[in-house]
Amino acid sequence: MKRHETLQPLSREHQKGLVLAKRLRDSSGGSGQERDRALAAFTHAWNRELMGHFADEERIVGPLVSLEMRSRLLAEHAELRTLAAQAAEPGAALNPAFVEKVGRTLHDHIRWEERELFEAAQETAPDALDALHPVIDDIHARRPGSRPYDPEAGCEVGGREEEAGSSDDATSTP
Ligand SMILES: [Fe+2]
Ligand SMILES: [Fe+2]
């Protein structure tokens, strides 16, 4: 099923999440430095994007699905929040099994959301998703990585405007 427009920013973030998950899993068989870098990339993305992404899913998708699915969503988010906290601790990269677990848990969670959770929300509550359409602008504004990629500009749609805007802000600061 084609992804509902309201869920597209979250689905675009899933693509990046899967790349992070693969890097974590691949690094678990590599050197300590590779695991260290993969965990650092995950922690960076967690703070910038994933934390907000999780909150948006709970706010937007959670109320539209069955109690069973909502419970699974919250339980898997809780597990990943715990793993993210542990991933940021010094020495986390020393444990290849832990790094593999973070990658596998993130991968499996995203796959479940794309294959089951989002599909269920679209099937059972298309009108509610239509009504939630304005949240797209809010998500795009808070997390530019959720915007569609513009191949001509070589960045996410609106990315350059934002850069121009932030530099204007910087020059106008007294
Ligand atoms: Fe999620
Ligand atoms: Fe997600």
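**Buried residues and helices in a predicted model**

Tutor: In helix α3, the buried residues are Leu73, Ala84 and Ala87. The model is predicted: local features need pLDDT of at least 70 and side-chain atom pairs count only at pLDDT 80 or more, whereas totals for chains, interfaces and linings use all residues. Residues are numbered from 1 along each chain as its sequence is written, while chains are lettered from A and ligands numbered from 1 in the order in which they are written.

Student: What makes a residue buried or exposed?
Tutor: A residue is buried if 20 or more other C-beta atoms, placed from the backbone, lie within 10 Å of its own, exposed if 12 or fewer do, and partly exposed in between. Leu73, Ala84 and Ala87 of α3 are buried, whereas the face turned away from the buried side of α3 carries exposed residues, including Leu67, Glu68 and Ser71.

Student: Why are the buried residues of α3 said to line one face of the helix?
Tutor: Seen down the axis of α3, they fall within an arc of 55° (taken from the directions from the helix axis to the C-beta atoms), so they line one face. These buried residues pack against α2 (32-61) and α4 (96-124), where a contact means C-beta atoms within 7 Å.

Student: What makes a set of residues a nonpolar core?
Tutor: The members are buried Ala, Val, Leu, Ile, Met, Phe, Trp, Tyr and Cys residues, joined through C-beta atoms within 7 Å. The largest such core has 19 residues, and among those that touch the most other members are Leu20, Leu39 and Ala87.

Student: Which elements give two or more residues to this core?
Tutor: They are α1, α2, α3 and α4, and the largest share, seven residues, comes from α2. A second, separate core of ten residues includes Leu10, Leu64, Leu117 and Leu129.

Student: How many residues does the chain have, and what percentage of them is buried?
Tutor: Buried residues make up 27% of the 174 residues in the protein chain.

Methods:
Helix = DSSP H or I, 4+ residues; strand = E, 2+ residues; numbered from the N terminus. Contact = placed C-beta atoms within 7 Å.
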